[in-house]
Amino acid sequence: MNIDKIRQDIRGLSDGKIFLNNAGSSLMPIPVVDSMIDYLQQEEQFGGYEIANRNAELLEQFYEETAKLINCKSSNIAFATSATEAYAMALSSITFKEGDVIITTVDDYISNQITFISLKKKLNVKIIRMKNLPDNELDLEDLENLIKQYHPKLIAVTHIPTNSGLIQNVEAVGKICKKYDILYLVDACQSVGQMVVDVEKISCDFLTATGRKFMRGPRGTGFLYVSDKVLEQNYAPLLLDMRGAHWSAFDDYELFKTAKDLSTGNFLTHLY
């Protein structure tokens with residue numbers, strides 16, 4: 001990488017400063033900022049829906065480029081307004097019952113942990129945390145023992161925890177989840193854009209990320225990856241809207257599975 005060229009493409013670095021908060025929110029490069037301003041100016045003149053229609057082909061590229069980034073198909077990608085929203089969409093698509101178990105780590109992201117605690121309070125879901133080895137690597141033997149003991153509904157791991165820089169072995173966890181046929185959710189907020197993230201190698205069912213960190217995009221952007229296995233089983237978030245489903249009877253609905261839509265009502269509407 002040509003660091004000087006990269007820095008020249010960021011107006012916020014024109015005064016020679018060193019910016020160190022990329023793990024929170026990166027400085028956007030000039031093409032990103034200019035594109036956002038141009039799009040808003042178009043909306044100012046013609047309205048949001050009209051400009052969305054005019055830019056449909058451009059907006060479609062989000063799914064294609066994101067799919068290339070993590071090695072999947074565009075049909076596996078849903079747009080979200082944040083990684084937290086994407087994470088909530090994934091969790092709410094799983095039908096938890098009282099006594100179900102989620103296995104996670106002691107290093108999972110705070111928003112994820114709060115969501116787990118909420119599920120515990122509302123549905124009496126049990127939260128079990130696997131051990132770490134002395135070098136802070138995940139204790140995979142402990143994970144397998146916990147799986148055999150608790151038969152979890154979901155295993156959730158943060159790839160790179162925000163507060164440490166630790167890189168957790170999500171690929172090894174994926175192999176174990178595949179072996180026992182357990183749903184697997186990966187928070188890749190701090191890894192996508194900073195290192196290679198390959199959902200085929202990770203073998204996860206859900207993966208979430210934000211645009212504002214190492215992808216150097218704007219706040220209010222993120223995505224959810226959903227595996228083919230999950231799509232084939234008709235998972236859907238708890239709350240739907242008219243973009244995610246249509247009436248099939250007076251008091252019933254059917255899911256849209258191939259609709260091309262940029263809303264965030266139902267991830268099945270994004271996956272095409």
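Predicted model: local features only at pLDDT ≥ 70, side-chain atom pairs only at ≥ 80, totals over all residues.
Local features are taken at pLDDT of at least 70 and side-chain atom pairs only at pLDDT 80 or more, while totals for chains, interfaces and linings use all residues. Residues are numbered from 1 along each chain as its sequence is written, and side-chain values use heavy atoms, with hydrogens and water left out.

Start with the whole protein. It has 11 helices and nine strands, where helices (H or I, at least four residues) and strands (E, at least two) are DSSP runs numbered from the N terminus. Of its 272 residues, 42% count as buried, meaning under 20% relative accessible area with a 1.4 Å probe and protein chains only; over 50% is exposed, and in between is partly exposed. Now take contacts, that is, heavy atoms within 4.5 Å. Among those with a separation of 6 or more, 58% come from residues 24 or more positions apart.

Next, look at a helix pair. The axes of α7 (residues 140-150) and α8 (residues 170-180) come within 11 Å and cross at roughly 25°. That makes α7 roughly parallel to α8; the cut-offs are under 35 degrees for roughly parallel, over 145 for roughly antiparallel, 65 to 115 for roughly perpendicular, and oblique for the rest. The axes are lines fitted to C-alpha atoms, for helices over the stretch in contact, with angles from 0 to 180 degrees between N-to-C directions. On the α7 side the contact uses Leu140, Leu143, Glu144, Ile147 and Lys148, and α8 answers with Ala172, Val173, Ile176, Lys179 and Tyr180. By class, that is seven nonpolar, no polar and three charged residues (nonpolar: Ala, Val, Leu, Ile, Met, Phe, Trp, Tyr, Cys and Pro; charged: Asp, Glu, Lys and Arg; polar: the others, Gly among them).

Stay with α8 for a moment. Its buried residues are Val170, Ala172, Val173, Gly174, Ile176 and Cys177, and they pack against α7, β4 (154-158), β5 and α9. Just after α8, Asp181 takes a positive phi of about 55°.

Over to α5 (residues 83-92), whose buried residues are Ala83, Ala86, Tyr87, Met89, Ala90 and Leu91. At the start of α5, a side-chain oxygen of Ser82 reaches to within 3.4 Å of the backbone nitrogen of Thr84.

Ala83 also turns up in the surroundings of Thr210: leaving aside neighbours within four places in sequence, Thr210 is in contact with Ala83, Cys189, Met215, Thr221 and Gly222. Thr210 lies in strand β6 (residues 206-210) and is buried, with a relative accessible area of 3%. A polar contact of 3.4 Å joins its side chain to that of Arg212; such a contact is a pair of N or O atoms within 3.5 Å, and within protein one must be able to donate a hydrogen and the other to accept it, with residues adjacent in sequence counting only if both atoms are side-chain atoms. The Thr210 side chain also reaches the backbone oxygen of Thr221 at 3.3 Å.

Finally, two loop residues. Pro218, in the loop between β6 and β7 (222-226), counts as buried at 18% relative accessibility. Pro218 and Leu27 are 191 residues apart in sequence and 8.8 Å apart in space, C-alpha to C-alpha. Met195 sits in the loop between β5 (183-187) and α9 (199-202) and is partly exposed, at 31% relative accessible area. Not counting residues up to four places away in sequence, Met195 touches His159, Ile160 and Ile167.
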